[in-house]
Amino acid sequence: MTATAAPLDLLLLPTWLVPVEPAGVVLKEHGLGIRDGRIAFIGPRAAALKLVANEVRELPGMLLSPGLINAHGHAAMSLFRGMADDLPLMTWLEKHIWPAEAKWVDEAFVRDGTDLAIAEQLKGGITCFSDMYFYPKVASDCVHNSGIRAQIAIPILDFPIPGASTPDEAIRQGVELFGDLKHHPRIKITFGPHAPYTVCDDNLEKIRVIAEELDAAIHMHVHETASEVQQAVEQTGERPLARLGRLGLLGPRFQAVHMTQISEDDLALLVESNTSIVHCPESNLKLASGFCPVERLWQAGVNVAIGTDGAASNNDLDLLGETRTAALLAKAVAGSATALDAHRALRMATLNGARAMGLESKIGSLEVGKAADIVAFDLSGLAQQPIYDPVSQLIYATGRDCVKHLWVAGKQLLDDRQLTRMDEQQLTATAIAWGQRISGHHE
């Protein structure tokens, strides 16, 4: 691949480069050049060294991959991390999380919680995340200032929520924010009806019409637990996914989060509509919600991305760890050791997330012309030796503390484990202060 005469802004020279597309490829002794926030060159080291670059960085023992994409979470809930652990989903929500949200969630909470989540995610190799939480405008400001990339889903429920007293108000705010940020290079606004059991047909219909008009995505918790599906069938005779299909919501712009319950009919509906699924294995395990049958979906041709969910139910925003859990769980669920191999797991954490968000032409793989959203993992440590397949080592033997450097749109946001734009000590102190306030009042 040739580069034009203009000098590169930055040339990276890692030991391994894993582009993700084409699938299963590991390039050794290659260089990657960045110009104007995009990938301008990928080629053998010898060719790379002949190029003019304003900065050259040798990255020995490191693996360069596309930045990780966390396709589902509730960023500000990092301030509720560990507050109500070891409880089933509905008890956790109704008795603990919803009352705590009613009491504590305001713009300051969302700002501080989102900043904390962004910093944690950057340090863990995440360059893009999906957020679904209250005061989405505040969250979008945090994203803008931090330099990370994000999809912000506007939360819509049938009852009043912090920041919006009616579903119509939430939708109106969403449309306004969509318009304001339509040309933002790193933020994409989507609509986030919370779940089938919290949003009625009329409101889903409104969301569908507006999302179609704006060509916006819809991001929603669907089939998170067996009891959710069972209740819907008892009350209406219809599975929630079938209801969404009947209302015309499913399609390539629809992101179904969790999907631990999938019948043959559900699978047919997912395939036929080209709906994406976001798998959150650790949250599902911790809340004992069930297992998404990832291998079955993958073999059927369904796009499966991966998300951490919120830190209140996970309890970390560690997508590398999440991906390892996903790979292990997929094997157990499928009863097959070959299910979701390491290379496919990495694809799920990168390009599949980009596809789910409609961003696959911009991010998710290392290809010339795409945005330079890149992470460097240090595989030189004792626990990573010896290295036969660096991608296997990354997925099965490496923790997020091996994330060394990270760039979003060519801007370095993590340099030798240090955040370049955010004050880690200040963020830690702010989070501790929130914890003290909340625990002083939280029963």
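**Briefing: cavity lining and domain contact**

In this predicted model, the largest cavity is lined by N70, G73, H74, A75, Q121, F129, S130, D131, T308, D309 and L317. The protein splits into two parts: domain 1 (8-66 + 372-409) and domain 2 (68-357). The two domains bury about 2100 Å² between them.

**Cavity**
- The structure contains one cavity of 30 Å³ or more.
- The volume of the largest cavity is about 40 Å³.
- Strand 7 (residues 126-132) gives the largest share of the lining, with three residues.
- Sorted by class, the lining has six polar, three nonpolar and two charged residues.
- Among the lining residues are F129, S130 and D131, as well as T308 and D309.

**Domain contact**
- The centres of domain 1 and domain 2, taken over C-alpha atoms, lie 29 Å apart.
- Contact involves 27 residues of domain 1 and 30 residues of domain 2.
- Carbon and sulfur atoms give 65% of the area of about 2100 Å² buried between the domains.
- On the domain 1 side, I395, Y396 and R400 supply 36% of the area buried against domain 2.

**H96**
- H96 sits in helix 2, which spans residues 89-104.
- H96 counts as partly exposed because its relative accessibility is 22%, and the buried class ends at under 20%.
- From H96 to Q299 the separation is 203 residues in sequence. In space, their C-alpha atoms are 38 Å apart.

Technical notes:
Residues numbered from 1 in each chain as written. Predicted model: local features only at pLDDT ≥ 70, side-chain atom pairs only at ≥ 80, totals over all residues. Heavy atoms only, no water. Helix = DSSP H or I, 4+ residues; strand = E, 2+ residues; numbered from the N terminus. Buried < 20%, exposed > 50% of the residue type's maximum accessible area, 1.4 Å probe, protein only. 1 Å grid on protein atoms, 1.4 Å probe; cavity = no way out; pocket = protein on both sides within 12 Å on 5 of 7 lines; lining within 4 Å. Points joined across faces, edges and corners; volume = space filled by probe spheres on them. Nonpolar A, V, L, I, M, F, W, Y, C, P; charged D, E, K, R; others polar. Domains from an automatic or database assignment. Contact = heavy atoms within 4.5 Å. Buried area = accessible area lost by both parts, 1.4 Å probe.
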